[in-house]
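Subject: Structure handover

Hello,

Please find the structure below. My notes on what was found in it follow.

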Amino acid sequence: LANAEGVAEVPLIPIVTPGLADVVVTKQNGQPYIGTVLAANPDGPFVLLNDHVEIELQGNNNSKVDCGEIIAVETEFKNWGNSDATNLQAVLQTSDPFVTLTDTLEYCGLIPSQDSVRLENAFSFIVDDMVPDNYEIPFNIYMTDDSGEEWNSEFTVKASAPLFSFDEIIVDDASGNNNGRLDPGEVADILLVCSNQGHTAAPATRAT
């Protein structure tokens, strides 16, 4: 809370990971101020994942990570430190059972201090056919440079899948007594009203 001179002392929980921190200033019936500030400037290089984009190498091209698809990860790494990171390499890791990693190693080379590098198709993985809908897949990127420094960055990828719902089951016993029930000795058709509540299409759907 600001004093009469407009000065506010804001206690902060120590920030152990360098990067940009959001600064939001609000006032009743006032327009909020939203900005950013560099949270830390560590001695030496300090490299973190700054951005990532998932690209379908093999899929339905709906700009989502869907079950059964082969996905590439485009990454941007930034060096928040005050010296260059040289001969940087990054390794993609996950122990999630719904993912098979296919390309885990990327050589990033030199990232100057306060600069970034963007790498297309840095990593790739296959999403399992049985991944649940709206499932968050956890990943970790382990990075090292030739000075022996080590850094970790974590991120998640949301996977989509069909999610079937049987809304109605109808017994068509018109050849029997037509009472909508399956009675002894009747031959009837079972009609299912099915919907897909998931976040991706379900092509070539079959029911058994």
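A salt bridge here is a side-chain nitrogen of Lys or Arg within 4 Å of a carboxyl oxygen of Asp or Glu. This is a predicted model, in which local features need pLDDT of at least 70 and side-chain atom pairs count only at pLDDT 80 or more, while totals for chains, interfaces and linings use all residues. Residues are numbered from 1 along each chain as its sequence is written, and side-chain values use heavy atoms, with hydrogens and water left out.

Salt bridges

By the rule above, the count is four salt bridges. Arg 118 pairs with Glu 74, with the closest N and O atoms 2.6 Å apart. Arg 118 is in strand β9 and Glu 74 in strand β5, so this pair ties together parts that are 44 residues apart in sequence. (Strands are DSSP runs of E, at least two residues, numbered from the N terminus.) Arg 118 also forms a salt bridge with Glu 76, at 3.2 Å from N to O. Glu 76 is in strand β5 as well, 42 residues from Arg 118.

For accessibility, buried means under 20% relative accessible area, exposed over 50%, and partly exposed in between, with a 1.4 Å probe and protein chains only. Arg 118 is partly exposed at 35%, whereas Glu 74 is buried at 14% and Glu 76 is buried at 17%.

Glu 136 and Lys 158 form another salt bridge, with the closest N and O atoms 4.0 Å apart. It links strand β10 to strand β11 (residues 150-160), the two residues being 22 apart. Glu 136 is partly exposed at 39%, as is Lys 158 at 43%. Through shared partners, salt bridges join Asp 51, Glu 74, Glu 76 and Arg 118 into one network.

A buried glutamate

Glu 69 sits in the loop between β4 (65-66) and β5 (70-79). Glu 69 is buried but has no salt bridge; Lys 64, the nearest side chain of opposite charge, is 10 Å away. (Lys and Arg count as positive, Asp and Glu as negative; His and the chain ends are not counted.) What does the side chain of Glu 69 reach at 3.0 Å? It reaches the backbone nitrogen of Asn 60. The backbone nitrogen of Asp 66 also lies 3.0 Å from a polar atom of the Glu 69 side chain.

Positive phi

Most residues other than glycine have a negative phi. Asn 29, in the loop between β1 and β2, has a positive phi of about 60 degrees. Asn 29 is exposed, at 79% relative accessibility.

Regards

Technical notes. Helix = DSSP H or I, 4+ residues; strand = E, 2+ residues; numbered from the N terminus. Lys, Arg positive; Asp, Glu negative; His and termini not counted. Polar contact = N/O pair within 3.5 Å; in protein donor to acceptor, adjacent residues only side chain to side chain.
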